[in-house]
Amino acid sequence: MLKRDTLTAQMQQLSHTLAKVKRLILEDQELKALENVSYTLSHYYGVTEQEIINMPGDLFTDRLREQQYKAEELNMLAGFLDELAGLNDDGLTRKNLWAKVISIYDLLEKEHHTLSFEHIARRNLLASALGL
């Protein structure tokens, strides 16, 4: 029970941070939004933006499995990576990050048996942007 309460508190904090990132983007404070995303990736997920970008897709998925993230943590990671992609001016990097978001959705669906209309809609949008 205590573990679940701790996870819930952590997910509330991550959700709050993701909402803050989205608000900063709307307010044209992209640098601050990027700082928040980078901080969250490094301090919660233990990975830098550059490591994620440079990591091949299959290695990325393997790493997620090794870390044994809960579905809620993966869902939040997908949100942060999606925002990071939107903040990135380089088209190839953006596509790389979007492909990783799709792989997180696939992992959620296949291994965590978590499916949502939001993920389906976003996956379809990203897949068409990637030409898949």
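The questions below take up salt bridges and then the cavity search.

Visitor: The model is predicted; how many salt bridges does it hold?
Guide: Side chains of opposite charge can pair when their charged atoms come close. A pair counts here if a side-chain nitrogen of Lys or Arg lies within 4 Å of a carboxyl oxygen of Asp or Glu. By this rule the count is six.

Visitor: Which residue forms a salt bridge with E27, and is E27 buried or partly exposed?
Guide: E27 has a relative accessibility of 40%, so it counts as partly exposed. The relative accessible area of R23 is 42%, and R23 is also partly exposed. The closest N and O atoms of the salt bridge are 3.4 Å apart, and the partner of E27 is R23.

Visitor: How many residues apart are the partners E111 and R65?
Guide: A salt bridge joins E111 and R65, with 2.6 Å between the closest N and O atoms. E111 belongs to helix α6 (residues 91-111) and R65 to helix α4 (residues 57-67), so the pair links distant parts of the chain, at a separation of 46 residues.

Visitor: Which residues are joined into one network with E111?
Guide: E111 is partly exposed at 40% relative accessibility, and R65 is partly exposed at 39%. Salt bridges that share partners make one network of E111 with D62 and R65.

Visitor: In the salt bridge of R122 and D82, is D82 buried or exposed?
Guide: The two side chains meet at 2.6 Å, N to O. They link distant parts of the chain, with R122 in helix α7 (residues 117-130) and D82 in helix α5 (residues 71-87). R122 has 24% relative accessibility and counts as partly exposed. Buried means under 20%, and D82 has a relative accessible area of 12%, so D82 is buried.

Visitor: Which element gives the largest share of the lining of the largest cavity?
Guide: The lining includes Y45, V47, F60, R63, L64 and Q67. By class, the lining has eight nonpolar, one polar and one charged residues. The largest share, four residues, comes from α4.

Notes. Residues numbered from 1 in each chain as written. Predicted model: local features only at pLDDT ≥ 70, side-chain atom pairs only at ≥ 80, totals over all residues. Heavy atoms only, no water. Buried < 20%, exposed > 50% of the residue type's maximum accessible area, 1.4 Å probe, protein only. Helix = DSSP H or I, 4+ residues; strand = E, 2+ residues; numbered from the N terminus. 1 Å grid on protein atoms, 1.4 Å probe; cavity = no way out; pocket = protein on both sides within 12 Å on 5 of 7 lines; lining within 4 Å. Nonpolar A, V, L, I, M, F, W, Y, C, P; charged D, E, K, R; others polar.
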